[in-house]
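User: I would like to go through this structure term by term. Please set each value against its cut-off before you conclude.

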Amino acid sequence: MNAMKVCVLLMMSQQATHPFPSIGYVLCVATNGKRVLIAKPETYMNLSGSAVGEISSFYKIPPENILVVYDDISLPAGKLRIRAKGSAGGHNGIKDIIAVL
């Protein structure tokens, strides 16, 4: 299952809102007493930075508290890698997010 399918399933199982008509959907859930926002941008993938930037600005989320989930063709199906630092690895959407944040 890819990252977008996971996001869509979460959105469908809960009550996702659409506060950013030009950006996409946002779902706010609470887990372990903390608020978690799940966003599904409707922008072009290569322009993901505008969506992440607007959402982080609106909700006042510092960059160090943002987790971006995306598919990486270099990883085998079902494999998950979490990194706190690194480059965009040639992914233009991640490059745009890094540039905006």
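Analyst: Buried means under 20% relative accessible area, exposed over 50%, and partly exposed in between, with a 1.4 Å probe and protein chains only as cover. Helices (H or I, at least four residues) and strands (E, at least two) are DSSP runs, numbered from the N terminus. This is a predicted model, in which local features need pLDDT of at least 70, side-chain atom pairs count only at pLDDT 80 or more, and totals for chains, interfaces and linings use all residues. Residues are numbered from 1 along each chain as its sequence is written, and side-chain values use heavy atoms, with hydrogens and water left out.

User: Which residues of α3 are buried, and what makes them line one face of the helix?

Analyst: The buried residues in α3 are Gly 93, Ile 94 and Ile 97. Seen down the axis of α3, they fall within an arc of 95 degrees, so they line one face. The arc is taken from the directions from the helix axis to the C-beta atoms. An α-helix has 3.6 residues a turn, so residues three or four places apart point the same way. The cover over the buried residues of α3 includes α2, by contact (heavy atoms within 4.5 Å).

User: Why is Lys 40 called buried?

Analyst: Lys 40 has 17% relative accessibility, which is under 20%, so Lys 40 counts as buried.

User: What makes the pairing of Lys 40 and Glu 42 a salt bridge?

Analyst: A salt bridge needs a side-chain nitrogen of Lys or Arg within 4 Å of a carboxyl oxygen of Asp or Glu. Between Lys 40 and Glu 42 the N to O distance is 2.7 Å, so the pair qualifies. The structure holds 1 salt bridge. Glu 42 has 45% relative accessibility and therefore counts as partly exposed.

User: What is the largest nonpolar core made of?

Analyst: It has 5 residues: Ile 23, Val 26, Ala 51, Ile 55 and Tyr 59. Such a core is a set of buried Ala, Val, Leu, Ile, Met, Phe, Trp, Tyr and Cys residues joined through side-chain atoms within 4.5 Å. Leaving aside neighbours within four places in sequence, the contacts of Ile 23 include Ala 51 and Ile 55, along with Lys 40 and Glu 42.

User: Is Leu 80 buried or exposed, and where is Leu 80 placed?

Analyst: Leu 80 has 68% relative accessibility, which is over 50%, so Leu 80 counts as exposed. Leu 80 is in the loop between α2 (48–58) and α3 (92–100).
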